[in-house]
Amino acid sequence: MKSILLTGNKIGHKGAESLAGALLCNKSLVSISLGGNIIGDKGAESIAGGLARWDCSLKTIYLDRNQISDNGAIKLACALKDNDSLERLELGGNKISFMGAESLEITLKENQALQVIGLDNNMIGDEGAGCFAAALMVNKTLQRVDLSSNNIGKGGAESLAESLRMNKTLLEIKLIGNNIGNDGTSILEMKSIFADVLEDNCTIQKVQLTKQVILQNHKKKAALPEMIQSLPRTSLELSLQVKTKTQDYKIAALEAELDSYKPEIVDLTADGTKRSNIDGNHTNPPSKRPRTENAARSVEALLCREI
């Protein structure tokens with residue numbers, strides 16, 4: 001088993017604790033999607049415990065829309081200081097302010113594995129943007145950063161722009177939905193500032209200030225590096241998106257199937273939830289019954305059986 005999708009369930013912090021326990025014994029899992037599961041700071045702390053292990057195999061984790069605040073972000077950031085496997089961290093739609101961004105800054109200055117970080121729809125502000133700017137001046141692995149809808153104004157945007165003069169690895173940064181252009185600073189002015197930076201940076205390919213204003217670097221057409229992609233959705237994927245009122249029956253069926261073969265992807269996305277695969281494709285399951293932390297406990301048992 002390499003990938004688990006549990007998006008849009010109600011596993012809560014207890015379910016996250018169960019999954020964290022599975023991370024301690026499973027060495028084959030590379031991707032897990034826990035978006036929209038209200039795990040909160042307690043759940044984030046449990047997940048951080050699994051990420052902190054030296055033999056953690058995870059490369060991608062989605063923790064978006066989980067009511068994670070600065071406390072949870074700080075725990076995750078500390079766990080990633082010495083983590084050399086995780087390449088993608090999605091924390092969009094949480095409650096992270098500049099304090100969480102400050103902790104992530106410290107981690108990003110040391111971490112040498114993370115390539116993609118999504119922190120959109122939080123509230124880091126100009127101070128948080130300054131933290132990311134400081135990190136980008138040192139970090140040599142980040143390739144994509146999303147800071148959209150974070151209440152970032154002219155000061156934060158200018159700090160980020162200046163950091164790009166020194167950073168030579170970032171390919172894309174998104175700043176959509178911030179206060180750029182809403183505080184007396186025109187979009188044209190900010191566009192000019194970033195355009196000037198692109199003259200000194202041949203690596204970055206895209207700076208997105210708004211949905212309409214996208215600066216692209218045409219000085220160097222570098223090939224996009226291969227990012228984390230979804231495993232092929234073949235017969236090796238085991239999905240429990242069937243209509244039935246008994247959730248335990250579904251889990252039991254999953255356990256029975258594992259006696260016959262080892263699927264690479266287990267999809268337990270909540271019924272009725274629009275889910276995104278790692279490759280960005282969207283599908284809509286038929287029914288509308290979310291699962292609870294019981295599903296997480298069952299997944300924990302399944303993962304531990306693979307060692």
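This section describes helix packing and selected loop residues in a predicted model.

Helix α2 spans residues 40-51 and has 12 residues. The distance from its first C-alpha to its last is 17 Å, close to the 16 Å expected at 1.5 Å a residue. Eight positions can be listed by name as buried in α2: G40, G43, A44, S46, I47, A48, G50 and L51. The cover over these buried residues includes two helices, α1 (12-25) and α3 (70-79). Strand β3 (60-62) is also part of that cover.

The packing of α1 on α2 was examined next. The two axes come within 8 Å and cross at roughly 0 degrees. Angles under 35 degrees count as roughly parallel, and α1 and α2 are therefore roughly parallel to each other. On the α1 side, the contact is made by H13, A16, E17, A20, L23 and L24. On the α2 side, K42, G43, S46, I47, G49 and G50 take part. By class, this contact of α1 with α2 has five nonpolar, five polar and two charged residues. Of the α2 residues in the contact, G43, S46, I47 and G50 are among those buried.

Helix α3 has its own set of buried residues: D70, G72, A73, L76, A77 and A79. Both α2 and α4 are included in what covers them. The axes of α3 and α4 are 8 Å apart, and the packing angle is about 5 degrees. With that angle under the 35-degree cut-off, α3 and α4 are therefore roughly parallel to each other. From α3, the residues D70, A73, I74, A77 and C78 meet α4. Their partners in α4 are M99, G100, S103, L104 and T107. Six nonpolar, three polar and one charged residues make up the contact of α3 with α4. D70, A73 and A77 of α3 are both buried and part of this contact with α4.

Helix α4 also packs against helix α5 (residues 125-136). Here the angle is about 0 degrees, with the axes 8 Å apart. The pair α4 and α5 is therefore roughly parallel as well. α4 contributes F98, A101, E102, L104, E105, L108 and K109 to the contact. α5 contributes E127, G128, C131, F132, A134 and A135. The residues of this contact divide into eight nonpolar, one polar and four charged.

N9 lies in the loop between β1 (3-5) and α1. N9 has a relative accessible area of 2%, so it is buried. Its side chain reaches the backbone oxygen of L6 at 2.7 Å.

N111 is found in the loop between α4 (98-110) and β5 (116-118). Its relative accessibility is 4%, so N111 counts as buried. A polar atom of the N111 side chain lies 2.8 Å from the backbone oxygen of L80. Beyond residues up to four places away in sequence, N111 touches L80, K81, N83, N139 and T141.

K211 sits in the loop between β8 (206-208) and β9 (214-216). With a relative accessible area of 65%, K211 is exposed. K211 and K174 are 37 residues apart in sequence. In space, their C-alpha atoms are 9.5 Å apart.

Key. Residues are numbered from 1 along each chain as its sequence is written. This is a predicted model: local features need pLDDT of at least 70, side-chain atom pairs count only at pLDDT 80 or more; totals for chains, interfaces and linings use all residues. Side-chain values use heavy atoms; hydrogens and water are left out. Helices (H or I, at least four residues) and strands (E, at least two) are DSSP runs, numbered from the N terminus. The expected span of a helix is 1.5 Å times one less than its number of residues. Buried means under 20% relative accessible area, exposed over 50%, partly exposed in between (1.4 Å probe, protein chains only). Contact means heavy atoms within 4.5 Å. A polar contact is a pair of N or O atoms within 3.5 Å; within protein, one must be able to donate a hydrogen and the other to accept it, and residues adjacent in sequence count only if both atoms are side-chain atoms. Axes are lines fitted to C-alpha atoms, for helices over the stretch in contact, and angles run from 0 to 180 degrees between N-to-C directions. Angles under 35 degrees count as roughly parallel, over 145 as roughly antiparallel, 65 to 115 as roughly perpendicular and the rest as oblique. Ala, Val, Leu, Ile, Met, Phe, Trp, Tyr, Cys and Pro count as nonpolar, Asp, Glu, Lys and Arg as charged, and the others, Gly among them, as polar.
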